[in-house]
Amino acid sequence: MDRAAHLRKDAAWLSQAMQHENSRFLPLSDGRSLVNIQGTPRPCMLDSARVRDIGVTGDRLTFLGLWEDRATFAFEALDSEMDALAEHGEFMDLYSLAYSLDANTSAVLGYARAVMLWQQRHPHCSRCGESVNFEFGGHVLACSNPDCGKHQFPRLDPAIIVLVEDGERCLLGRQATWPAQRYSTIAGFVEPGESLEDAVIREVYEETGVRVHSPRYHSSQPWPFPSSLMLGFYATASSTEIRLIDEELEDARWFTREELTSQTIKLPPSLSISYRLIQAWHDAGSDTPLTEVRAW
Ligand SMILES: [Zn+2]
């Protein structure tokens, strides 16, 4: 999707796009997307005539961007609209849909989910408490009090996720609530005033007692549950003794590549950045890709 952020400020263009017959509209309800579940699940995309018919007004629409060159909007459905929307599909959580949608569609629904939840959770100005209105296509919440006028922007919660390596071994941990035998990379939220690199060093120590150096950025993944951005790193161990200092993890261990390919541990879901970090580390030191020796 082209977010076409420059068009958010173009009120005339937005107004015209809201009426246009080619535009598409994604209904959401409390973070869930309306999905046609006949056959392969796919998101319901209503046209402008249907949206008008249901009674959705322009001040409730969020402009997501241009998807396949068509203006695409999202809106939060009201209780009174549920019966009409039920003719099109069911509201479903992205979590349960992710594996049946293609990556682009998942990304668009995740983006819509994050923006809608932010709007829902910030119905009042954070400075003066008055109500807020959508501006810039729904990407700004503007205070309705003219003496205040504060603009609120969508918030993101950065979190680091890190694969710690010690030569031929990597460090993985598990939380007590996870499925049995599942292990994953170490993760935690970045604190105010902290660099990503310092967050890597702190989190690994707090959760495992292992000291690391040389954090190296790998890749990122939005995680709109509700507003995280996962920033993936590698880091090198300078100590190897494991102590579960903050008790966030139930267990942490060092694993060799051979142990990762054995069936005695479960790895994170293949769509997750944690899997991607583990896979890249494994494949860098193995003739056989991880995906060939493990099936999910
Ligand atoms: Zn205000």
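**View 1. Three strands, numbered 7-8-9 in order, form an open antiparallel sheet.** Strands here are DSSP runs of E with at least two residues, and helices are runs of H or I with at least four, numbered from the N terminus. Two strands pair if DSSP finds at least two bridges between them. Strand 7 (132–135) and strand 9 (151–152) are the edge strands, and each pairs on one side only. Four bridges link strand 7 to strand 8 (residues 140–143), in the antiparallel sense. Across from Asn-133 stands Ala-142 of strand 8. This is a predicted model: local features need pLDDT of at least 70, side-chain atom pairs count only at pLDDT 80 or more, and totals for chains, interfaces and linings use all residues. Residue numbers start from 1 along each chain as its sequence is written.

**View 2. The protein chain holds nine helices and 15 strands.** Its C-alpha atoms fill a box of roughly 60 × 50 × 30 Å along the principal axes. Of the 296 residues, 30% are buried. A residue is buried if 20 or more other C-beta atoms lie within 10 Å of its own, exposed if 12 or fewer, and partly exposed in between, with C-beta atoms placed from the backbone.

**View 3. The domain assignment gives domain 1 (5–121) and domain 2 (157–289).** The bounds come from an automatic or database domain assignment. The C-alpha centres of the two domains lie 34 Å apart. Six residues of domain 1 are in contact with five of domain 2. Contact means that C-beta atoms, placed from the backbone, lie within 7 Å.

**View 4. Strand 1 (residues 24–29) is largely enclosed by the rest of the structure, because five of its six residues are buried.** Strand 1 runs parallel to strand 5 (residues 70–76), joined by five bridges. Leu-28 has Glu-76 in strand 5 as its bridge partner. Strand 1 also pairs with strand 2 (residues 32–36), antiparallel, over two bridges. Ser-29 stands opposite Arg-32 in strand 2. The two strands form a hairpin with two residues between them, and Asp-30 in the turn has a positive phi of about 50°.

**View 5. Ser-80 sits in the loop between strand 5 and helix 3 (82–86).** Ser-80 counts as exposed because it has 9 C-beta neighbours inside 10 Å. Ile-54 is 26 residues away from Ser-80 in sequence, and 9.3 Å away in space, C-alpha to C-alpha.

**View 6. Helix 5 (residues 103–121) has 19 residues and reaches 27 Å from its first C-alpha to its last.** That is close to the 27 Å expected at 1.5 Å a residue. The expected span is 1.5 Å times one less than the number of residues. Buried residues of helix 5 include Val-108, Leu-109, Arg-113 and Trp-118.

**View 7. The largest nonpolar core has 32 residues.** Such a core is a set of buried Ala, Val, Leu, Ile, Met, Phe, Trp, Tyr and Cys residues joined through C-beta atoms within 7 Å. Val-162, Val-164, Val-200 and Val-204 touch the most other members. Among the elements giving two or more residues are strand 10 (157–166), helix 6 (196–208) and strand 14 (228–237). Strand 14 gives the most, with six residues. A second, separate core of 28 residues includes Leu-26, Cys-44, Ala-74 and Val-115.

Terms used. Contact = placed C-beta atoms within 7 Å.
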